[in-house]
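Please look through the structure below before reading on.

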Amino acid sequence: MKISNNWLKDYIKTELKSERIGEFLTDIGLEVEGIDKFESIKGSLEGIIVGKVLTCEKHPNADKLKKTTVDVGNGKILNIVCGAPNVEAGLTVPVAVVGTKIYDKTGNFFEIKEAKIRGEVSQGMICAEDELGLSDDHGGIMILDEAKYEVGKNFADYFELTNDEVFEIGLTPNRTDAMSHYGVARDLYAFLSTNQQKCDFEKISSVALINEGSHEFSLEIENAELTPRYIGAVIENVKVSESPSWLKDRLKAIGLSPINNIVDITNYILHGFGQPLHAFDADKIADKKVKVGTVVAGTKFTTLDGVERTLNGSEIIIKDGKDSPMCIAGVFGGANSGVSNDTKTIFLESAYFNPVSVRKAAKSHGLNTDASFRFERGVDPNITRTAITHAIKMIQDLAEGKLVGDLLEEYPKKIEDNYIIIRFSKIEQILGTKIHREKVKEILKALEIQVLNEIQNGFEISVPAYRADVTREIDVIEEILRIYGYNKIEAPQKISFTPVKLSANDQDELENNWARTLQGLGFNEVMNNSLTSVKDETDAVKLLNPLSNDLAFMRKSLLEGLLQNAVYNINRKNQDLKFFEFGKIYHKKEKYEERKQLAILVTGRNVAENWLQPKSVTDFYNLKAYVKVLLERLAIDYKEVALSDDRFSDALSYEVEGQTLVRIGKVAPVMLKDFDIDQDCFYAEIELEFAQKLRSNSELKFKDIPKFNKIRRDLALLIDKNISYKDLYQSAEKNKSSFIKNINLFDVYEGKNLPEGKKSYAMSFELLNEEKTLEEKEISEVMDSLIKSFQKEFNAELRS
């Protein structure tokens, strides 16, 4: 949010420089992200001289150009080539002499230099209004009144230039009280006045108004819960025109474009006081009746931007006497009821709308306006009348409007201030230091928090309704600390805490163990947003009121987030990645499901590039090895099963008792293409709740390292192509021998010198007898048993 320093000074008077003010604003939580300079005329008018065109003739080498001589005072005559259609001898004009910088709307400039244009010397430029930042008119050069402007004078001397400094403030969503210049000034005053800084603060109040005659308008509020307070005023004889310079400069300083005096006044009150207003063309309100309520779902309504929107029936709608929508309350006005240059009578609205309803309406229609930004966070219900009276006074002064009749107001149930008890013992406990009760009372008074009663250990207080975020004792303590000063709280020399030892049955213990293991293997942990967009909405959990279309669903998988992390790094030349994430996924099936998983993603090289291993690329088996390291901590037996999953091109799952524990695979090319990733990625996900259940039910046992060596034997088998390693592995596992400790496939060959339809598998077997050294006879018995099984089940042949 932008705050004009000149505007801020309307409410708070201080001799502090803007940089110092910026520091204090940051101290109280209104972080200043930058201070910009503002000039009412972009780049100023330095170097622009009032001149008089003496001669004007056609350029000899260009039909659309003219040669002119211009008197710029002190007897100095300039030759200037000009292309404007309206240039002629005798005109008084603004002239940019050599060395002048001409600025565009973005702040960029070009410098006027003496040059030859089509062979003719040009020593300056006769300017148009848009080139000087005075308007958008580029129809020709600016023609000055010779009675008012003196040749040779600086053009800037005829203007009151406004210079300002603009603070760019980062507001947290809870600070609704500071979403205006008045609110920022009020907060700044609370800090300065309690920290020995000289300043004065001018508190605003309602303006006394004089009304004339009467009006026939009436007001009806259909639901007081949706519209707790509403005020309307009828103003006649309004002259819609351009706003005065001071008002336009105030709006321009904070990045707003002036429109007309009526709209500019409502924007001035909005950004000045924090109260959104809306002006309707009163002559377009049917039956001279304003109704505030809802309409039937499906009703069509065209908003000010010309878009026809379908209302869902939950929005607060400003309607006329025939129930025709005129405005989505607190969000956006209608195209057919707004103020135009032909408007003579306006109906001015100031209200407090239900914040939740405004937020839902704004999100539902994808609208984010200055008004909705404030209404949906909760404006001050007690400033409603103050704001509209100030606006009416400005309309009377700047648009010659005449207030007729009394203000229409509905406020059936006053929004009360918050009653809270604060305890000095609690303040001391939270802050870790003592603050004198008189200092606490001083801070509360500066924050406009009323002390109702002093009790033995604290105060009974009343927090103003505009502080919608201060509802609890801890909130008040935070406010006291904010104004007292964070830097005044000394850090303790010693911090004591009791470490908590997690039990083996605690899932956090498992997650911590796995996290440490993966970090030791070179992985980095990531944390991604649970809100995302989805291509396939099947089983997806959709938010009722999403912040945006990109954050409309709860994630169905952790894979997409990890791929986003990967592409972000790959685009920055960090291509060798190992990521893991603990997170929840969400599905809507017969009921809502929520599961926590550990997700792992690897891509790029497995080890750093070097001359020994220039192409050590991560593959499926690297990831499989990482997963096996983690599963060793569970002390369970699992079964590998082929997996069909659209996310993977090749995949398998690990199952225990028929339930999936792990899914692991190579990410499908079509999915990588969606993320613009052109290198292979491998992904695994482990069901954490199931893993913890298995861990709790199993007993991890430790045993001594065997005293005897393992024996390795290899078999090279010639088998049919349709036989998989899985088939051979399962057959070997069924062998009755207890000596077989490990089975591995270390070579696969298909090609020359093999019979048609055949392939070769080379398998290794590690044998161990933990009680004695294996004898050759025992080894032969095991290997012969394996060979017979392979021959019988798969018609395998031994290769020599």
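Predicted model: local features only at pLDDT ≥ 70, side-chain atom pairs only at ≥ 80, totals over all residues.

Residues are numbered from 1 along each chain as its sequence is written, and side-chain values use heavy atoms, with hydrogens and water left out.

Begin with the whole protein. Its C-alpha atoms fill a box of roughly 125 × 90 × 65 Å along the principal axes. The radius of gyration, taken over C-alpha atoms, is 39 Å, whereas a compact globule of 800 residues would have one near 28 Å. That globule rule is 2.2 Å times the number of residues to the power 0.38. Of the 800 residues, 47% are buried; buried means under 20% relative accessible area, exposed over 50%, and partly exposed in between, with a 1.4 Å probe and protein chains only.

The protein has 18 helices and 42 strands. These are DSSP runs numbered from the N terminus, helices being H or I with at least four residues and strands E with at least two. Two strands pair if DSSP finds at least two bridges between them.

Another part to find is an open sheet of five strands, with mixed pairing and the order 15-18-21-22-23. Strand 15 (218-221) and strand 23 (332-333) are the edge strands, since each pairs on one side only. Within the sheet, strand 18 (residues 289-293) runs antiparallel to strand 21 (residues 317-319), joined by three bridges. Lys291 stands opposite Lys319 in strand 21.

Next come the spaces. On a 1 Å grid over the protein atoms alone, a cavity is a set of points where a 1.4 Å probe fits but cannot get out, and a pocket is an open set with protein on both sides within 12 Å along at least five of seven lines; lining residues have an atom within 4 Å of a point. Grid points are joined across faces, edges and corners, and a volume is the space filled by probe spheres set on the points.

The largest pocket holds about 2300 Å³. Its lining has 46 residues, and the closest to its centre are Lys628, Tyr638, Tyr729, Glu733 and Asn742. Among the elements that give two or more residues to this lining are helix 14 (620-631) and helix 17 (725-733).

Three cavities of 30 Å³ or more are found. The largest cavity has about 150 Å³ of space, and helix 3 (residues 181-193) gives the most to its lining, with three residues.

Last, the cysteines. The whole structure has zero disulfides, a disulfide being a pair of cysteine sulfur atoms within 2.5 Å. For Cys127, the nearest cysteine sulfur is that of Cys82, 9.4 Å away. Cys127 is buried, because its relative accessible area is 0%. Cys681 also counts as buried, at 0% relative accessibility.
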